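Open the model in your viewer and keep the selection panel at hand. We will walk through its pockets, a surface patch and some charged pairs, one selection at a time.

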Amino acid sequence: MDASILSADTVVALGYMLALGVSLAVILAIANRFLFVYEDPRIDEVDSALPHANCGACGEAGCRIFAEKLIAGEVQPGQCTVNAPANNLAIANFLGVDLGNQEKRVARLACAGGNHVAYNRAKYAGLHSCRGAAMVGGGGKTCTWGCLGMADCADVCEFGAISMDKNGLPVVDADKCTACGDCVDVCPKKLFELHPVSHQLWVACKNLHHGAEAEAECEVACNACERCVNDSPEGLITIRDNLATIDYSKNTLASRVSIQRCPTGAIVWLNRKGETEKGSKAKPVIRKKALPVSHA
């Protein structure tokens, strides 16, 4: 008797469980039908041909998002300046679209004041970080706009594009730079900017003092002499707040002529590899060692 009752209860329980399972399966099937989000299988194909650097050079947050926008026709393969050209061409052929093109951008440093030409008013001995030093009176440099040389930018660069030279200045490897912008964000002096490689005329300074006052802080500072303004096509270079400023909307007018009479070499010409050329009238920098700390 007890066994038959137990057996009946078991059958009822199994029936309920079976009904519940069937009900849930039906609900899931309906949900799958109405909530299903289609993803184009080509996205995976395109994504696999991208570099997966997630550097942001294309203007998107990552390679996967860039792949999705390629499929949607919102961007062109050539906008990925980090990818191998052959891979971009393969993507264009796969999608049947134009390759397109986007000029490579690189990080540029608006300072040439290494420790052999820029003076220090105090010796900083705290946390070895530009951001840390900047919080203590702006750092020890006499030029309050200058690079502090503690390599925050090099440390944050995931692509190994920034190294420090013997004078404590960052050097950007244009071939490795992906224009991700991390150095721009981390620099407390806001000395880095991202520019197309065609912007070859460059002011390697941010010192806003005038004349002798600027040169007393750094031997290669812009002294607002206006020679570059007078030698350039009208409007290409102006002096703002005692600093030469380039209007890159007129970049097609730029040439080496603008740098030739700069007495300090603050305004320079950058070749496609990022190597710096100074004008013929720039005072040569002979000193190799760091300047002593000046308390004047």
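A pocket here is worked out on a 1 Å grid over the protein atoms alone: it is an open set of points where a 1.4 Å probe fits, with protein on both sides within 12 Å along at least five of seven lines, and its lining residues have an atom within 4 Å of a point. Grid points are joined across faces, edges and corners, and the volume is the space filled by probe spheres set on the points. You are looking at a predicted model, in which local features need pLDDT of at least 70 and side-chain atom pairs count only at pLDDT 80 or more, while totals for chains, interfaces and linings use all residues. Residues are numbered from 1 along each chain as its sequence is written, and side-chain values use heavy atoms, with hydrogens and water left out.

**Stop 1: the largest pocket**

Select Cys111, Leu169, Pro170, Gly274 and Thr276: of the 29 lining residues of the largest pocket, these lie nearest its centre. The space inside comes to about 610 Å³. Now colour strand S1 (105-109), strand S3 (170-172) and strand S8 (267-270), the elements that each give two or more residues to this lining. Strands are DSSP runs of E with at least two residues, helices are runs of H or I with at least four, and both are numbered from the N terminus. Which element gives the largest share of the lining? That is S1, with 4 residues.

Ala, Val, Leu, Ile, Met, Phe, Trp, Tyr, Cys and Pro count as nonpolar, Asp, Glu, Lys and Arg as charged, and the others, Gly among them, as polar.

**Stop 2: the second largest pocket**

Move on to Asn115, Asn120, Leu148, Gly149 and Met150, which lie nearest the centre of the second largest pocket among its 21 lining residues. Its volume is about 350 Å³, and the lining has 10 nonpolar, 9 polar and 2 charged residues.

**Stop 3: a nonpolar patch**

Select Leu18, Val22, Val26, Ile30 and Phe34 and show the surface: together they form a nonpolar patch with about 510 Å² of accessible area. Such a patch joins nonpolar side chains (Val, Leu, Ile, Met, Phe, Trp, Tyr) within 5 Å, from residues with over 30% relative accessible area and no salt bridge. Areas come from the Shrake-Rupley method with a 1.4 Å probe, and for residues only the protein chains shown count as cover. Val26 is found in helix H1 (residues 2-35).

Is Val26 buried or partly exposed? Val26 counts as partly exposed, because its relative accessibility is 42%; buried means under 20%, exposed over 50%, and partly exposed in between.

**Stop 4: salt bridges**

A salt bridge puts a side-chain nitrogen of Lys or Arg within 4 Å of a carboxyl oxygen of Asp or Glu. The whole structure has 9 of them.

- Show Arg42 and Asp40, whose side chains meet at 2.9 Å, N to O. Arg42 is partly exposed at 32%, whereas Asp40 is buried at 17%.
- Show Asp47 and Arg64, paired at 3.7 Å, N to O. The two sit 17 residues apart, Asp47 in helix H2 (residues 42-48) and Arg64 in helix H3 (residues 63-72). Asp47 is buried at 14%, and Arg64 is partly exposed at 29%.
- Show Arg261 and Asp231, with their closest N and O atoms 2.9 Å apart.

Notes: Patches are made of residues with over 30% relative accessible area and no salt bridge: like charges are joined within 9 Å, nonpolar side chains (Val, Leu, Ile, Met, Phe, Trp, Tyr) within 5 Å. Buried means under 20% relative accessible area, exposed over 50%, partly exposed in between (1.4 Å probe, protein chains only).
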